[in-house]
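This briefing goes through one protein model by topic. It starts from a single side chain and its surroundings, then turns to the sheet, the core and the charged pairs.

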Amino acid sequence: MAGEKSDEEIFASVLDTWKHGIDVHDTTEIGSAFAEDAIFQGGHPDPVRGRDAVVAYYDPEPLTGVEYEIIDARRSADNVIVGYATAHFEFPGHTPTVHRHVTMVLERTGQQWLIGHYHVSLIPAPH
């Protein structure tokens, strides 16, 4: 659409909301980045569905921040962007930073882009 941000800019905007919520431990803000019926596969073994489940996932998490780098973002349909990034999750104290890949499928509802699917995977160790 004319004048619309690039796919990567849209993905970064959604990631920025998610990141800021994590950085300040505002689970409502984190949840605002997700669709009401989002499918979420975080660091726990079982996926969950829905914004409320995402908020519950992040509520007890002792994260102190996250940094990300976008690897790719592309539109697979007019109202769908698939994004792939590295995420570096920070914890309090001497707990090591956890490095993961995150894949997100963004869905446009009206003028708003929300995470409809979120999946975390390990970053393979170098050989």
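Leaving out residues up to four places away in sequence, Thr 86 touches Glu 67, Tyr 68, Glu 69, Ile 71, Arg 100, His 101 and Ile 123. The model is a predicted one. Thr 86 belongs to strand β4, and β4 is part of an open sheet of six strands.

**Thr 86**

- Thr 86 has a relative accessible area of 12% and is therefore buried, the limit for that class being under 20%.
- Its side chain makes a polar contact with the side chain of Glu 69, at 2.6 Å.
- Glu 69 is also one of the residues that Thr 86 touches beyond its sequence neighbours, and charged Glu 67 and Arg 100 are on that list too.

**The sheet**

- The strand order is β2-β1-β6-β5-β4-β3, and the pairing is mixed.
- The edge positions belong to β2 (48–49) and β3; each has a single partner strand, so one side of each lacks a neighbour in the sheet.
- α1 packs on the sheet and touches β1, β3, β4, β5 and β6. The direction of α1 makes about 150° with that of β3.
- β3 and β4 are paired in the antiparallel sense, over 11 bridges.
- A hairpin of two residues joins β3 to β4, and Ala 77 has Val 80 in β4 as its bridge partner.
- β4 also pairs with β5, again in the antiparallel sense, over 10 bridges. In this pairing, Ile 81 has Leu 106 of β5 as its bridge partner.
- α3 lies across β1, β2 and β6, and runs at about 55° to β1.

**The nonpolar core**

- In soluble globular proteins, nonpolar side chains tend to be buried together.
- The largest nonpolar core in this model holds 32 residues. Trp 18, Phe 34, Tyr 58, Met 104, Leu 106 and Tyr 118 have the most contacts inside this core.
- Two or more core residues come from each of α1 (7–23), β1 (34–41), α3 (51–58), β3 (65–77), β4 (80–90), β5 (98–109) and β6 (112–122).
- α1 gives the largest share, seven residues.
- Which residues are in contact with Trp 18, leaving aside its neighbours within four places in sequence? They are Ile 30, Ala 33, Phe 34, Tyr 58, Val 66, Ala 87, Phe 89, Met 104 and Tyr 118.
- Among these contacts of Trp 18, Phe 34, Tyr 58, Met 104 and Tyr 118 are themselves listed with the most contacts inside the core.

**Lys 19 and Asp 23**

- Lys 19 lies in helix α1 and counts as buried because its relative accessibility is 16%, with the cut-off at under 20%.
- Beyond four places in sequence, Lys 19 is in contact with Val 66, Glu 67 and Tyr 68.
- The side chains of Lys 19 and Asp 23 meet in a salt bridge, with an N to O distance of 2.5 Å.
- Asp 23 and Lys 19 are four residues apart in α1, so about one helical turn separates them.
- Asp 23 counts as partly exposed, at 31% relative accessibility, whereas Lys 19 is buried.

**Salt bridges across the chain**

- The whole structure has six salt bridges.
- Glu 4 and Arg 108 meet through their side chains in one of them, at 2.6 Å from N to O. This pair links distant parts of the chain: Glu 4 is in the segment before α1 and Arg 108 is in strand β5, 104 residues apart.
- Glu 4 is partly exposed, at 28% relative accessibility, while Arg 108 is buried, with a relative accessible area of 12%.
- Arg 75 forms a salt bridge with Asp 7, whose closest N and O atoms are 2.9 Å apart. This pair also links distant parts of the chain, with Arg 75 in strand β3 and Asp 7 in helix α1, 68 residues apart.
- Arg 75 counts as partly exposed, at 24% relative accessibility.

Note on methods: Residues are numbered from 1 along each chain as its sequence is written. This is a predicted model: local features need pLDDT of at least 70, side-chain atom pairs count only at pLDDT 80 or more; totals for chains, interfaces and linings use all residues. Side-chain values use heavy atoms; hydrogens and water are left out. A nonpolar core is a set of buried Ala, Val, Leu, Ile, Met, Phe, Trp, Tyr and Cys residues joined through side-chain atoms within 4.5 Å. Buried means under 20% relative accessible area, exposed over 50%, partly exposed in between (1.4 Å probe, protein chains only). Contact means heavy atoms within 4.5 Å. Two strands pair if DSSP finds at least two bridges between them. Axes are lines fitted to C-alpha atoms, for helices over the stretch in contact, and angles run from 0 to 180 degrees between N-to-C directions. A salt bridge is a side-chain nitrogen of Lys or Arg within 4 Å of a carboxyl oxygen of Asp or Glu. A polar contact is a pair of N or O atoms within 3.5 Å; within protein, one must be able to donate a hydrogen and the other to accept it, and residues adjacent in sequence count only if both atoms are side-chain atoms.
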